[in-house]
Amino acid sequence: RDEEVQGIFARKGLPLRSFLTCSMTRHAMARAASATALFLLFAPLAAAFVAHFPSASRIHLQSGSGIRSKVSVSSPGRGRVPPMRMSTAERPVSSGPAGEGGDLISATDEWVKLARKAETIKKETHIKDLLEDEDRSRAMQLEMDNAVVDFSRQRITTDALQDLLKLAEKADVQGKIKKMLKGDKINTSEDRSVLHTALRAPRTESTVVDGVDVVAQVWEVLDQIKAFSDMVRSGEHVGATGKKIKNFISVGIGGSYLGPAFMHEVLRFERDAMEKSEGYNLRFLSNVDPTDSIIATQGLDPEETMVIVVSKTFTTAETMLNARTVRAWLWEAMGEDPEVVMRHMIACSSNLEAVSAFGIDKANTFGFWDWVGGRYSVCSAVGVVPLALQYGFETVESFLKGCRNVDEHFATAPLEKNIPVMMGLMGVWNNNFLGYHSRVINPYSMNLAKFASHIQQVD
């Protein structure tokens, strides 16, 4: 919490410079590791599964799966973690009804049975032995829209897999998925819905939260983005000196940076997107180190540059420092005229008053909502605005439709054929039963260069 950290520094009489250094290091570390546009959608499983597990249950979802020829993720062949031993009498139990903050999932018969099987597998089973069973290998390959996910190299027997699916049934994963998709407030710590799926829902759908149709709200913003991006790309909206806008700098941190930057790297090498982005240039500014702002603006003509400031509250310390830095860069080239900010800076924020006070036109502010977690926000204005300016709205709309396909698969596929569910279950198996607490994500395509950093946040 940046505001809390600032308060601590202020109370101790420490200079803000120290806070900025600390914060910069924190975010630099957050970007230091970890997944294709398709599988960033699998995040909903975490929300659905965690809705069942109380925080004390110590559940951490890790998928441990692999996308053939694009991303491979493997778990160790032999564990070295002390075995989990839990008798029926030792099962942890909390008060309340089961599944709603009551009995822990680790207290169920299904969990204990799996723990015993895991001990046997760790002692007696090697992956190379499992791969000799061709029927098993075929059964553990799932497909969706030409994407193949191969679970056959997971250290799990078909028998244990069936028990893992029974554990999911016990946890009512399908019920939790339905609750998430219809807008129930499964984010209990903040009493919020978890509705990033609504960001790519078709216009004809309706999801009502607190009496408001959030899908209608989403499409209102999408229509606004399309109209604005079309004006910029057509030359109808020009800079303060009359030049056409050709360069875009997106200023944000965390999920406001990692998701859009990842998708930008993917689209840069996609044939249709390459053609539509010819003559345009998109860059990202996330670090408060002055060198990063120099890199972001180097070689650009301020008169042809538009800055997108991404901050829900418009108070994020690092983002606002960078926004002021780039504003000064624009002013230095064109003078401190309010028209410069009005024509060259736009915002993705829900704080219209702060945006207006900064000098940005409220009409050029694109909103998003508290039911969208920052790490899932690439499908909101956070990602759609910069990507639509660079590649055209139709390109981004195609991406949203692909996301929607996965949402539909997630909502309708049976557990054993449901790729997000299976990835989550394999994570539970690897982390909680086999004791494998680390994961390797190897993107074998330069298009996915920023995949790992983005998924490190999502997972």
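Me: Which helix holds K117?

Reply: The model is predicted: local features need pLDDT of at least 70, side-chain atom pairs count only at pLDDT 80 or more, and totals for chains, interfaces and linings use all residues. Residues are numbered from 1 along each chain as its sequence is written, and side-chain values use heavy atoms, leaving out hydrogens and water. Helices are DSSP runs of H or I with at least four residues, strands are runs of E with at least two, and both are numbered from the N terminus. K117 falls within residues 109-124, which form helix α4.

Me: Which residues does K117 touch, leaving aside neighbours within four places in sequence?

Reply: Contact means heavy atoms within 4.5 Å. With the sequence neighbours set aside, the contacts of K117 are D159, A160 and D163.

Me: How far apart in space are the C-alpha atoms of K117 and F433?

Reply: In sequence, 316 residues separate K117 from F433. F433 also belongs to an aromatic cluster with W111 and W429. The C-alpha separation of K117 and F433 is 8.9 Å.

Me: How many helices and strands does the protein chain have?

Reply: The protein chain has 459 residues. Its DSSP runs come to 19 helices and 11 strands.

Me: What share of the protein chain is buried?

Reply: Buried means under 20% relative accessible area, exposed means over 50%, and partly exposed lies in between (1.4 Å probe, protein chains only). Among the 459 residues, the buried share is 54%.

Me: Why do F248 and Y280 count as buried?

Reply: Both values decide the class. F248 is buried because its relative accessible area is 0%. Y280 is buried because its relative accessible area is 16%.

Me: Is the pair Y257 and F284 stacked or edge-to-face?

Reply: The ring centres of Y257 and F284 are 6.0 Å apart. Their planes are at 65°, so this pair is edge-to-face.

Me: Which elements hold Y257 and F284?

Reply: Both residues are buried. The pair ties together parts 27 residues apart in sequence, because Y257 lies in helix α10 (residues 255-267) and F284 in strand β7.

Me: Which residue follows α13?

Reply: Helix α13 (residues 317-334) has 18 residues and reaches 26 Å from first C-alpha to last, close to the expected 26 Å. Its buried residues include W329, L330 and M334. The next residue has a positive phi, near 90°, and is G335.

Me: How far is R327 from the ring centre of F358?

Reply: A charge sits over a ring if NZ of Lys or CZ of Arg is within 6 Å of the ring centre and within 35 degrees of the ring normal. R327 is one of the buried residues of α13. R327 lies over the face of F358, at 4.1 Å.

Me: Which residue has its backbone nitrogen 2.9 Å from a polar atom of the D361 side chain?

Reply: D361 is in the loop between α15 (352-358) and β10 (365-366). At 27% relative accessible area, D361 is partly exposed. The backbone nitrogen at 2.9 Å belongs to A363.

Me: Is D210 buried or exposed?

Reply: D210 lies in the loop between β4 and β5 (212-213). Its phi is positive, about 55°, although D210 is not a glycine. With 64% relative accessibility, D210 is exposed.

How values were computed
Polar contact = N/O pair within 3.5 Å; in protein donor to acceptor, adjacent residues only side chain to side chain. Phe/Tyr/Trp six-rings, centres within 6.5 Å; stacked < 30°, edge-to-face > 60°. Expected span 1.5 Å × (residues − 1).
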